[in-house]
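Work through the exercises below with the model open. Each task is followed by a stepwise solution.

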Amino acid sequence: MDRVRIDALAAEAVPPQRLFIGGRWQDGAAAMPVTSPIDGRDLTTIADATEADVDRAVQTARAAFAGGRWSRAAPAERKRVMHRIADAIEARALELAVLGVRDNGTEIAMALKAEPGSAAGTFRYYAEAIDKVAGEIAPTAPGTLGLVHREPVGVVGVIVPWNFPLMIGAWKIAPALAAGNSVVLKPSEVASLTLLKLAEICAECGLPEGVLNVVTGQGAVAGQALGLHGGVDVLVFTGSGGVGRRLLEYLARSNLKRVYLELGGKSPNVVFADAPDLAQAAKVSAAGIFRNSGQVCVAGSRLLVERSVHEELTALMAEAAQGMRVGNPLDPETQAGAIASEAQLARVQGFVETAAQEGARLVTGGSRILTETGGSYFAPTVFDGVAPDHRLAREEVFGPVLAVTPFDTEEEAVALANGTDYGLAAAVWTGNLSRAHRMIGAIEAGVVHVNTYGGADSTVPLGGHKQSGNGHDKSLHALDKFVNLKTAWIQL
Ligand code: NAD
């Protein structure tokens with residue numbers, strides 16, 4: 001990675017940001033500061049959108065949809081524009097990654113791959129789907145013809161969190177656009193900058209004005225206004241369960257819009273004594289909980305270990321935690337960057353205090369570090385002896401805190417793995433193929449990794465079971481969220 005270029009990009013001033021509505025920058029009624037978690041300094045301001053701003057964006061999106069420049073464009077034309085967007089994201093990858101890192105503190109090595117890298121891949125994947133996913137001719141009786149059309153829904157509202165905003169934003173925006181919809185996006189107030197840049201890129205690449213609009217601001221104001229808006233047909237959300245519940249209230253109070261939720265997790269990482277390589281399991285598992293300082297929805301935050309290797313693996317995890325290079329996320333050597341906000345750091349600290357009070361044993365970490373930087377950093381932390389009823393075993397921390405729990409039998413491992421309200425991700429480490437398949441079947445989660453953790457690509461869905469959500473990002477399945485099926489029943 002080009003350190004000189006990174007430093008040059010990081011030294012650039014970020015001008016005050018405005019709303020992107022109807023293909024141009026517009027002033028919001030007010031502004032709010034953006035603080036960089038790297039050093040605690042103000043980076044810029046973003047617009048703090050009001051209900052009226054959100055209404056303007058939705059009306060604009062609706063007019064663009066009705067105008068048909070995108071919704072009724074030939075599939076080949078939509079495909080061309082989306083490929084151009086992917087090319088532009090790739091060409092500006094480092095610029096986007098550095099901007100995102102300054103905003104939310106993800107380490108640059110991971111940000112470059114997961115943010116512009118993944119976003120470009122996602123635009124490409126759905127660009128290719130545009131002229132390959134077709135409607136159906138149903139197998140009806142002779143004399144009748146049943147056609148199933150796939151139509152865009154209209155206006156899609158998108159609300160995303162602070163972690164990986166470009167990647168998660170693209171997971172929703174790209175299939176929504178591929179299906180022919182218009183979009184109003186509300187990024188997290190903690191990390192809006194790359195998504196504003198994406199809107200500009202899309203416009204430069206020929207996405208007609210009004211098809212992608214970005215309104216920044218507070219969840220309780222701009223987010224709520226989008227959730228309650230009668231002009232939004234489908235709302236797709238990634239974030240916490242608490243806000244997900246609010247969105248379900250909004251749809252009931254407004255126009256019964258469809259809402260798809262991608263929520264949190266407390267993902268079990270189950271290591272059996274017959275794992276092919278315990279050292280490799282420890283190395284990958286450490287990355288699975290400590291990268292991006294644990295601010296990863298699928299983070300393997302519960303390590304369930306067969307008792308005979310419990311001591312050895314816990315020691316390896318502690319060693320890996322202590323060896324993590326935590327620090328300035330703009331340094332390509334950094335393995336774990338900053339916690340995105342001071343509020344989140346305080347939350348992480350709260351979990352650590354409760355874990356100690358509840359009787360878990362602190363093995364390593366447990367405190368804020370690098371205070372001299374002015375930034376928000378937390379030591380990779382391991383707690384052993386975490387009981388299933390401890391808060392650390394049940395609630396999502398969204399920080400670099402691992403809960404270790406030993407087990408004796410496969411049945412106990414399954415019971416522990418499924419013993420939370422969540423069901424987002426899991427992993428099983430075993431050299432026994434039959435056991436691997438038994439565990440895949442038994443674990444309640446949207447993705448079960450075997451002898452690895454993380455890394456799934458665009459071809460497979462990501463979505464939660466239980467209280468981790470009801471939708472799917474990625475893969476061709478995600479397109480279904482953004483279409484209405486319409487049957488034509490014809491008497492011949
Ligand atoms: P959050 O729920 O606090 O915020 C998410 C978004 O919702 C933000 O844009 C916020 O402004 C908005 N919001 C807040 N209050 C709102 C309201 N009343 N009405 C409408 N919108 C509102 O989540 P976060 O703290 O930004 O992100 C962390 C959470 O996201 C974690 O729970 C994490 O697990 C989850 N997450 C899930 C996935 C997944 O794929 N399942 C991926 C990444 C993150």
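**Exercise 1.** Sort the lining of the largest cavity by residue class.

Solution. Ala, Val, Leu, Ile, Met, Phe, Trp, Tyr, Cys and Pro count as nonpolar, Asp, Glu, Lys and Arg as charged, and the others, Gly among them, as polar. Step 2: list the lining. It consists of Gly265, Lys266, Ile289, Gly294, Val296, Cys297, Ala299, Ser301, Glu396, Val397, Phe398 and Gly399. Step 3: sort.

The model is predicted: local features need pLDDT of at least 70, side-chain atom pairs count only at pLDDT 80 or more, and totals for chains, interfaces and linings use all residues. Numbering runs from 1 along each chain as its sequence is written, and side-chain values use heavy atoms, without hydrogens and water.

**Exercise 2.** State how much space lies in the largest cavity.

Solution. Step 1: define the cavity. On a 1 Å grid over the protein atoms alone, it is a set of points where a 1.4 Å probe fits but cannot get out; lining residues have an atom within 4 Å of a point. Step 2: define volume. Grid points are joined across faces, edges and corners, and the space filled by probe spheres set on them is the volume. Step 3: read the value, about 70 Å³.

**Exercise 3.** Is Cys297 buried or exposed?

Solution. Step 1: take the cut-offs. Buried means under 20% relative accessible area, exposed over 50%, partly exposed in between (1.4 Å probe, protein chains only). Step 2: compare. Cys297 has 19%, so Cys297 is buried. Cys205, at 8%, is buried too.

How values were computed:
1 Å grid on protein atoms, 1.4 Å probe; cavity = no way out; pocket = protein on both sides within 12 Å on 5 of 7 lines; lining within 4 Å.
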